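Hello,

Here is the structure you asked about. My notes follow below it.

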Amino acid sequence: AMQSYGRQEGSYHLAQMLFTRDPAPDFVLKYDAHEHFDQGQGVLRKLYIQALLDAGVILQFEMYQPCDPVRFLQGFIPFETLCREAEATNQTMRLSIGTLGKILPAYAPFEGQLSRRQISWESPWNSFAELQFDPMAKRSVPFEAQKLKDYEGGDFEKYGYLHVKKNFFDNADRANLTFSIISYLKVSEDEKSKPWDLTRMLYRKVFTECYAVHDGKARIDDSSESYRTRLYNVWSQSFSFRQYYPIEDVRSYFGERTAFYIAWLSYFTMWLQGAAILGFLVLLYGVVASIRRSDLETEDRIFLLFDNEATLVYAFLMNIWALAFVHYWKRQSASLAFVWDAENTKHAPKIRPQWRPTHSRISPTTGEQQNYVPDTRRFLIQCFNSFLILILLGFLLACIVGLITFNAWVKSNNVFFLYSTMASTLFSVFQILLFRPFIANVATFLNNLENYKFKVGYEQNLVLKRFMFDFVNNFAYIFHFALFKPIRSNLGSHLEFDFGFKDSCQSGDAYMNKCTKDTIVSIAVTMIGLKMVSQLFEAGIPYLYSFFKKSGVSKEAKKLQDVPQFLADLTLIPFTMDDQASDYGTKIVELGYVVMLSAIFPLAPVLAYFSSLSEMRLDMWKRLCVYQKPLDVEANSIGIWQGIAEGICRLGSITSAILVAFNSATFEAIVVKPLATEEFPALAIKITFVLFYEHLVLLLSLGLTLLVPQVPKRTETGIKAEEFIQNLR
């Protein structure tokens, strides 16, 4: 069919629909055609379908039960339509070797140095050696449909119509262009009514679902060409400490947004290897130190495993590790954005259908009527939201105070401190898990009140609110023992409860103070308990949701021998921004445990490393087997999470300094006591150390930023070479 009709527009998809059992649509729209639905929805639906046809989209209607009002609209984007959209959105594509050879004389100054350089992973361990990239092969220029044969894989005479129309745009490019076509189409019932786009239609239930379709089954099959099957084969391989996912296949299948997350998670795991090994060596040194200190009580010797001379050095090294990690990830992110042609945003920001303008005016720019929200109104809403946020934070802190009171009450009954701290920490873990969905819903409610116009601003502010609440929820209880209580004790202040118990860090003649012991136990119990329960919920809840959703598939479809892939994907869970934010938030909180608390618990990177290994497998399993394939896949970085990670790492230098100065028995013994005098008391020494430590880490951070540029030299050279080629054309 392609040999006979390959030149005609839409020939590949028409041949696929006619001669294959299960054609692969680029998107699927689901809607309810029942009579009791609003007639206006039917009109809007017809208008949008007509707009899709006018844009060149091939549509196929499906139903599996005559009396069932549910309808499916499969959309196939012809190759020619994709080419027009790629040209309209200024998408860049790679030139072929033959085309590059035509301009090679002018390109000669760059040829020698580029052919010898590679863009590889910015890390002490190059576990991603297969991803090394020669900038000589990165020669992308804005796409022009009339010059199709100049691009890699675009020559019909050389590759044939079937190969070009099927493979010229990979899955990620097709998804980006498909989303651009279907999401920016607007229809209206008349000239006076507000235009409707797909996002608004989904919000108003004109269409109930819109999703992309996986390219095959998630199964083990070495002979399959399906990206999904290939990635599933990698996932199903034996558990290995050196096993990482082929990030190019992840990007080609899921798009840049998922690929950046998987890349960041893999990169974080890779950097944790060194921190985990060093933390384990610190623990071994603690074992030796504990054996040598036979003069101490058994309890103190156990905690000497975590608080010893090596821990002081380790705390400083972990702060340098954190700053290097976020800085080198910036370099890695810049290289990935260059390789994936994701440096520039290709579309204007989308207006949210939930945006509610309150006033109208004549635009000073265009001179046309314009809806808007006055700045004074937005300011008043943000002030009101700030008041509500303070109330919620106060509620969270009140719950933490309740746990602290419970811990003190148990200790007042002469219960062994380990049991009381473990019990209160387990209640803290339960509180964290219980409040997570509540926090997410409250953050969404507060963000909706602020009435953001654009989707990007809405998502960024929602992430900030959720993480602020998550940070307090996860760290407030531990910070009481690790920071606030030791500082208060050094200032001579103690909490006194009504039941006659005095909560203090002092522990009589013991080598270790109570705060150090409580901190170590609470960190260990929280990290282990939280991760075990969290991953159980992460795997169990989506699986159960998908299981019950399968009951909604029509009985007629279930009777079919081979269920079409678009119908099988209907039973999967839609992948939303909240799911992505939850994945990032979990790992950033884990980064906080590593950076801020390793000074007193050197096993934190070890636990985080094994947690990240399991998280990689769990997240990839969810994306392959549990979630629908996302449509909105475009991204040029990990977004606002980069700034949050930097903030956590900078805060880590302050918390580490306070932990060492006010909570470390070893620091007290080898630094404070020998130097303390009447003129320069212990408290002054500790405050001086905190200021010196924090400023030293800040100085080293500035030095790293100045000495190591944020864009690698190889990537910068590749960008200049690409600009040079574009100017020649």
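**Overall picture**

The protein chain holds 27 helices and 10 strands. Helices (H or I, at least four residues) and strands (E, at least two) are DSSP runs, numbered from the N terminus. Please note that this is a predicted model: local features need pLDDT of at least 70, side-chain atom pairs count only at pLDDT 80 or more, and totals for chains, interfaces and linings use all residues. Residues are numbered from 1 along each chain as its sequence is written, and side-chain values use heavy atoms, with hydrogens and water left out.

Of the 729 residues in the protein chain, 52% are buried. Buried means under 20% relative accessible area, exposed means over 50%, and partly exposed is in between (1.4 Å probe, protein chains only). The accessible surface of the chain is about 33,900 Å². Carbon and sulfur atoms account for 60% of that surface. Areas come from the Shrake-Rupley method with a 1.4 Å probe; for residues, only the protein chains shown count as cover.

Now contacts, meaning heavy atoms within 4.5 Å. Take the contacts with a separation of 6 or more: 76% of them are between residues 24 or more positions apart.

**Salt bridges**

The count is 20 salt bridges. The rule is a side-chain nitrogen of Lys or Arg within 4 Å of a carboxyl oxygen of Asp or Glu.

- Glutamate 80 pairs with lysine 165, with the closest N and O atoms 2.8 Å apart. Glutamate 80 is in helix α4 (residues 79-88) and lysine 165 is in helix α8 (residues 161-167), so the bridge ties together parts 85 residues apart in sequence. Both glutamate 80 and lysine 165 are buried.
- Arginine 251 meets aspartate 173 at 3.4 Å, N to O. This pair links helix α12, which holds arginine 251, to helix α9 (residues 171-183), which holds aspartate 173; the two residues are 78 apart. Arginine 251 is buried at 7% relative accessible area. Aspartate 173 is buried too, at 9%.
- Aspartate 583 pairs with arginine 623, with the closest N and O atoms 2.9 Å apart. Aspartate 583 sits in helix α22 (residues 577-597) and arginine 623 in helix α23 (residues 604-626), so this bridge ties together parts 40 residues apart in sequence. Both aspartate 583 and arginine 623 are buried.

There is also a network: salt bridges with shared partners join Asp170, Asp173, Arg251 and Glu256.

**Serine 252**

Serine 252 lies in helix α12 (residues 247-254). Its relative accessible area is 8%, so serine 252 counts as buried. Neighbours within four places in sequence aside, serine 252 contacts Asp170, Asn171, Ala172 and Tyr227.

**Cysteines**

How many disulfides does the structure hold? Zero, with a disulfide taken as a pair of cysteine sulfur atoms within 2.5 Å. Cysteine 399 is partly exposed because its relative accessibility is 21%. Cysteine 625 is also partly exposed, at 21%.

**Nonpolar surface patch**

Ile277, Leu278, Phe280, Leu281, Leu284, Val313 and Leu317 make a nonpolar surface patch of about 610 Å². Patches are made of residues with over 30% relative accessible area and no salt bridge; like charges are joined within 9 Å, and nonpolar side chains (Val, Leu, Ile, Met, Phe, Trp, Tyr) within 5 Å. Helices α13 (256-292) and α15 (309-339) each supply at least two of the patch residues. α13 gives the most, with five. Valine 313 is found in α15.

Best wishes
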